[in-house]
Amino acid sequence: MVPILKLYRGYANENELIVMGHILRPTIRSDYNFEKKSLKNARSVINLFKIKTIGNYDVYLHYGNEIIHTKTLEDGYFKFCIPLKTPNDFGWQNYHVSHNYQDKMYTCKGTYIRPHDGNLGIISDIDDTFLVSHTKKILKKIYILLFKNVNKRKIFEDVVPHYQALSTAGRNNKSEKNAFFYISSSEWNLYYFITKFTKIHQLPRAVILLKNIKTGLFDFFKSGRGDHNHKFDKIKHVLEFYPNLKYVLLGDDSQKDPYLYENICKIFPITVKAVYIRQTGRRPKAQVTAVLDNLSSLAVEVCYFKHSSEAIAHSKKIGIIQ
C-alpha cells in the first residue's frame, strides 16, 4: 500500500517560502471524516492517534522549474524552507509535493499564503479561545473529543464577527486579508478536524501550527497537555518572519497563554499591539489580571473578557476594527 502524504498550509514573505507535512504509513482505515456519530466518531478519533509515521523518507517540492529534494525527520515530519527567487503574487497560492513509491510518483497539492502588504498580524490559540473544549476538565474534554463530531462542537458566541473583522482590519480592499495564524498545543493529528471546524463556522482561513504528531493510544489521553514551549517558539518565529507587522494575540486563561504572551511582549516590546485573554472560569484569575496589568505597563492594550462581545467593543475602542 502507498504511504500517505499529508500537507499543511504554508506561508511566505518577500524572501522565503515555508511548507510542511507528514509521511504516514499506509493504512486500510479510511480518513476520518469528522462527521460520524457517537462510537464511530470515538473510534475514528482514537485511530488518529494510532497512526504510524515514516522517518528518513524522500519527498520532493515542485517549485517553478525546480524539484527540491529532502527527507522526513524521525517522526515523519518534513519542512521545506527555501528562498523565493522572485516573489510570487500575494494571497493564497498552490504548491505541490511528491514522493515515489515502487517507481511511481504520487503528488499532493497544498496551499500557502503570502499576505498582502499590511500593518497587522493575528495569532490565536484554539482550544477554549474560539473552540469550546473544557481544557481544565480533563474527562469532559476527552468525552467531547470522542463523542461530539465536528458538526456538534461549539464555538463561543461572537467569535466569528470579531475574527472576521480582525482579518480585514485596516484594509480598504476587504478581499485582502491580514496574516492570520492559529497556534495551539493540539497535535498535528487534529489538523484536519481544525480546518474543517474553522471552515464550517466561517472563521478566517489561517496557517495552522500545531504540536508534534502523536503515534500511540496513550498519547491520546495527553492530547493538548504537557510542555507549551513549542507555542512560544512558533509565535516567536512568526513575529520574526513578518517583522514589520503589529500583532494581536488571542488566547484564554485555561493554561499558559497569558504567561507565554507576556514573555513574547517582553522580547518584542514594540511589536505586539494588543492581547486578548478569554476568561474560562466563573471569576477572573488574580494571576492573569496581574500579568495583563504588567503588559499594560509595556504599552500593550489588554482585554480580559468573558464574552467576545466585550472583545469586539475593546477592539473598536482602541481603533483596531471599525
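1. A quick definition before the helix pair: the axes here are lines fitted to C-alpha atoms, over the stretch in contact, and the angle is taken between N-to-C directions. Keep in mind too that this is a predicted model.

2. On to α3 and α9. Helix α3 covers residues 159-167 and helix α9 covers residues 308-317; their axes come within 8 Å and cross at roughly 25°. Angles under 35 degrees count as roughly parallel, so α3 is roughly parallel to α9. As for handedness, α3 passes α9 in a left-handed crossing.

3. Who does the touching? From α3 the contact takes in Val159, Pro161, His162 and Leu166, and α9 answers with Ser308, Ala311, Ile312 and Ser315. Sorted by class, the contact of α3 with α9 has five nonpolar and three polar residues, with no charged ones.

4. Searching the whole structure turns up five cavities of 30 Å³ or more. For the largest cavity, the volume comes out at about 130 Å³.

5. What surrounds that largest cavity? Its lining is made by 13 residues, and those nearest the centre are Asp127, Ser133, Leu145, Arg153 and Leu190. Two or more lining residues come from each of α2 (138-147) and α4 (191-200). The largest share, three residues, belongs to α2.

Note on methods: Residues numbered from 1 in each chain as written. Predicted model: local features only at pLDDT ≥ 70, side-chain atom pairs only at ≥ 80, totals over all residues. Heavy atoms only, no water. 1 Å grid on protein atoms, 1.4 Å probe; cavity = no way out; pocket = protein on both sides within 12 Å on 5 of 7 lines; lining within 4 Å. Points joined across faces, edges and corners; volume = space filled by probe spheres on them. Helix = DSSP H or I, 4+ residues; strand = E, 2+ residues; numbered from the N terminus. Axes fitted to C-alpha atoms, helices over the stretch in contact; angles between N-to-C directions. Parallel < 35°, antiparallel > 145°, perpendicular 65-115°, else oblique. Left-handed = near helix turned anticlockwise from the far one by under 90°. Contact = heavy atoms within 4.5 Å. Nonpolar A, V, L, I, M, F, W, Y, C, P; charged D, E, K, R; others polar.
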